[in-house]
Amino acid sequence: MDGDPQFDFDFIVIGSGFGGSVSAHRLVEKGYRVAVMEMGRRWTPGNLPHTSWSLHRWLWRPKLGLRGFFNIQFFRHATIFHGSAVGGGSITYACTLLPPPEKVWIAGSWTGLSDWKTEMPRHYETAARMLGVTENRILGPADLLLKKAAETSGAGQTFYCTKVGIFEPGVGEQGGTTFPDPYFGGEGPARTTCIGCGGCMMGCRYGAKNTLDLGYLYLAEKHGAQLFPETRVVDVRPLSNAHDGSAGYEVGTVQSIAWFRRRPRRFTCRGVIFSASSLGTMELLFLLKEKGSLPAISGQLGQHVRTNSESLIGARTPGTLLDVSQGIAIGSGIYIDEHTHIEAVRYPKGSDAMGFLTTILTDGRPGPRRIALWVWNVIASMLRHPFKTVRVLQPLGWAREFVILLCMQALDGEIEMRWQRPWFWPFRKFLVSHGEKVPTYIPKANEFAKTLAQLTGGFPMSMLPEILFNVPGTAHCIGGCVIADSSTHGVVDSRHRVFNYKNMYICDGSVVAANLGVNPSLTITALAERAMSFIPPAAEAEWNDTAEPSSR
Ligand SMILES: Cc1cc2nc3c(=O)[nH]c(=O)nc-3n(C[C@H](O)[C@H](O)[C@H](O)COP(=O)(O)OP(=O)(O)OC[C@H]3O[C@@H](n4cnc5c(N)ncnc54)[C@H](O)[C@@H]3O)c2cc1C
Ligand code: SF4
């Protein structure tokens with residue numbers, strides 16, 4: 001690993017999520033000197049929060065002193081949840097790892113740019129092996145209720161156990177047993193089997209969830225990648241006036257969690273990989289394009305952002321003896337029709353803070369009439385069951401009593417992100433969403449929540465922000481720097497090379513060019529594996545890699 005001493009590193013990877021960790025590991029394996037800049041903190045079983053009431057260790061909003069790993073960003077078209085940590089979204093994600101249907105390769109701007117259907121299966125296989133994908137064997141009460149409700153609704157045959165990245169005990173075995181590295185032939189850390197505590201989205205404190213810091217990133221660091229946690233990248237500019245980056249790049253960083261003395265630093269490198277997630281990469285590239293550091297980034301930046309059509313609903317049974325927080329975060333799913341997929345989701349016992357956001361189920365069209373209907377529903381429920389209604393509207397006991405249903409619709413819908421001053425804060429620019437609104441009310445999903453509530457004797461529930469603001473929540477924001485044939489249609493080519501720059505790549509959810517209809521992390525990992533497979537070993541590097549426009 002000699003590299004060119006003129007540069008601090010061969011590659012700098014920005015962000016340590018799925019795309020970033022794959023890139024770091026594969027580049028180190030090929031003999032490159034790699035640095036990974038990550039604005040989030042490093043988490044261990046010792047410092048993870050026990051419940052969501054530890055807001056300062058759960059939420060990421062460093063300017064407010066919240067230094068956790070769960071980031072919420074509010075837009076007019078969606079509330080977007082994502083992770084900020086060493087290991088990116090893997091620290092807070094629910095570890096569901098599903099391949100999308102084949103039809104995604106013939107939709108969107110990546111169509112015809114490669115023989116995706118032939119190429120991708122081997123990268124999905126590698127991704128699944130590296131992330132330790134297995135079929136869930138821990139079915140908790142919420143999964144069994146989902147199955148029962150599906151049978152009542154005539155969708156029982158579609159029930160399935162999710163494919164997850166969790167080290168689960170064998171059939172009939174208890175969780176909580178520690179084994180030497182079960183995944184990487186002894187190269188990885190020791191692991192402990194899952195105890196089904198339902199805490200995956202609060203960060204696993206038992207070493208059972210296959211987070212990236214125990215897999216790809218662990219191996220990258222072990223073999224020489226230098227990781228800079230709590231380090232935010234604020235600049236990337238070509239060196240020596242070679243505007244296309246052919247002479248390398250200078251990367252500027254600041255400390256991400258400091259209020260003052262942010263300790264700006266500069267690093268040089270020959271190549272850059274943007275892996276800051278769909279929102280993070282868009283935000284950084286808009287900033288760099290505007291301030292003149294990377295002015296030639298395609299004008300397609302911010303186009304084709306997809307948020308999935310998602311709705312969170314559920315059923316809460318006050319005073320139930322059944323603890324529905326037991327199991328893994330997402331243990332099972334069903335399809336109530338060809339396009340509508342529902343998963344049973346949970347938070348661990350005691351993580352009740354989200355309970356403030358749930359309310360009595362409300363149907364109806366978005367807007368003031370839905371709000372009026374909601375007020376009426378609450379009053380009617382108060383009159384009919386005053387004590388129970390108060391019990392379901394207060395948060396204590398929420399995680400133990402509430403079966404969360406995540407409803408996803410695989411219908412295509414796009415929004416656009418622009419870099420603008422919002423009307424309420426004209427002092428600086430932010431990402432601002434534009435386009436058609438994604439529906440927050442999915443009638444069939446509401447019917448399903450009612451069926452489930454009847455089975456438990458509980459109350460069907462909606463999310464309050466969906467009713468009040470007609471804004472859906474999503475943890476699956478993708479696109480914004482999509483793969484395309486040229487810079488007129490996207491930001492990167494089919495090998496993830498950024499148009500108009502040399503040795504610059506994007507490997508994260510922002511390149512995904514079609515609606516996947518399933519949780520995206522396995523696809524982001526497989527795409528990054530594919531992108532890295534094109535980069536030659538360090539000894540053969542010519543440092544002249546350029547995006548190629550293609551005629552289909
Ligand atoms: C609660 C929750 C549950 C989820 N469950 C699932 C699931 O079950 N299955 C699934 O497939 N997906 C799930 N997701 C979505 C999944 O987490 C994301 O799709 C995935 O993490 C995206 O990967 P990525 O490589 O694009 O970036 P990320 O994993 O988001 O990583 C990007 C990293 O870049 C860092 N970064 C951003 N900007 C900068 C900067 N300027 N400088 C330095 N670092 C920067 C961020 O801090 C972050 O750590 C879930 C998400 C959430 C929030
Ligand atoms: S259920 Fe609990 S032990 Fe199992 S992976 Fe999730 S957090 Fe870890």
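**Around ligand 1**

Guide: Start with glutamate 38: an N or O atom in its side chain lies 2.7 Å from an oxygen atom of ligand 1. Keep in mind that this is a predicted model.

Visitor: How much of the accessible area of ligand 1 does the protein cover?
Guide: The protein covers 95% of it. On its own, ligand 1 has 1000 Å² of accessible area.

Visitor: Which polar backbone atoms come up against an oxygen atom of ligand 1?
Guide: Phenylalanine 18 has one at 3.1 Å from a ligand oxygen. Glycine 19 has one at 3.0 Å.

Visitor: How many residues are around ligand 1, and which come nearest?
Guide: There are 37 residues around ligand 1. Glu38, Gly89, Thr96, Gly509 and Ser521 come nearest.

Visitor: How does that shell divide into nonpolar, polar and charged?
Guide: It has 16 nonpolar residues, 18 polar and three charged.

Visitor: Which helices and strands each supply at least two residues of the shell?
Guide: Two helices do, α1 (18–29) and α12 (521–533). So do the strands β6 (79–83) and β13 (231–238).

Visitor: Let's stay with α1. Is it mostly buried or exposed?
Guide: Buried. Of its 12 residues, 11 are buried, so the rest of the structure largely encloses α1. Phe18 and Gly19 are among the buried ones, along with Arg26 and His25.

Visitor: What do those buried residues pack against?
Guide: The strands are β1 (9–14), β2 (34–37) and β15 (265–274). The helices are α3 (116–130), α5 (216–222) and α12.

Visitor: What is the reach of α1, and what comes just after it?
Guide: From first C-alpha to last, α1 reaches 17 Å, close to the 16 Å expected. Just after α1, glycine 31 takes a positive phi of about 100°.

Visitor: Which residues of α4 are buried, and where do they pack?
Guide: Pro141, Ala142, Asp143, Leu145, Leu146, Ala149 and Ala150 are buried. They pack against β18 (330–337), β19 (340–345), β21 (402–409) and α10 (443–456).

Visitor: Why would residues three or four places apart point the same way?
Guide: An α-helix has 3.6 residues a turn, so residues at that spacing point the same way.

Visitor: Now histidine 434. Where is it found?
Guide: Histidine 434 is in strand β23 (residues 430–434).

Visitor: Why does histidine 434 count as buried?
Guide: Its relative accessibility is 19%, and buried means under 20%.

Visitor: What polar contacts does the side chain of histidine 434 make?
Guide: One is with the side chain of glutamine 420, at 2.9 Å. Another is with the side chain of arginine 418, at 3.4 Å.

Visitor: Last one. Where is alanine 276 found?
Guide: Alanine 276 is in the loop between β15 and α6 (277–290). Alanine 276 is partly exposed, at 23% relative accessible area. Setting aside neighbours within four places in sequence, alanine 276 is in contact with Ile14, Gly15, Thr281 and Asp508.

Notes. Residues are numbered from 1 along each chain as its sequence is written. Chains are lettered from A and ligands numbered from 1 in the order in which they are written. This is a predicted model: local features need pLDDT of at least 70, side-chain atom pairs count only at pLDDT 80 or more; totals for chains, interfaces and linings use all residues. Side-chain values use heavy atoms; hydrogens and water are left out. A residue is near a molecule or strand if one of its heavy atoms lies within 4 Å of it. A polar contact is a pair of N or O atoms within 3.5 Å; within protein, one must be able to donate a hydrogen and the other to accept it, and residues adjacent in sequence count only if both atoms are side-chain atoms. Accessible areas come from the Shrake-Rupley method with a 1.4 Å probe; for residues, only the protein chains shown count as cover. Helices (H or I, at least four residues) and strands (E, at least two) are DSSP runs, numbered from the N terminus. Ala, Val, Leu, Ile, Met, Phe, Trp, Tyr, Cys and Pro count as nonpolar, Asp, Glu, Lys and Arg as charged, and the others, Gly among them, as polar. Buried means under 20% relative accessible area, exposed over 50%, partly exposed in between (1.4 Å probe, protein chains only). Contact means heavy atoms within 4.5 Å. The expected span of a helix is 1.5 Å times one less than its number of residues.
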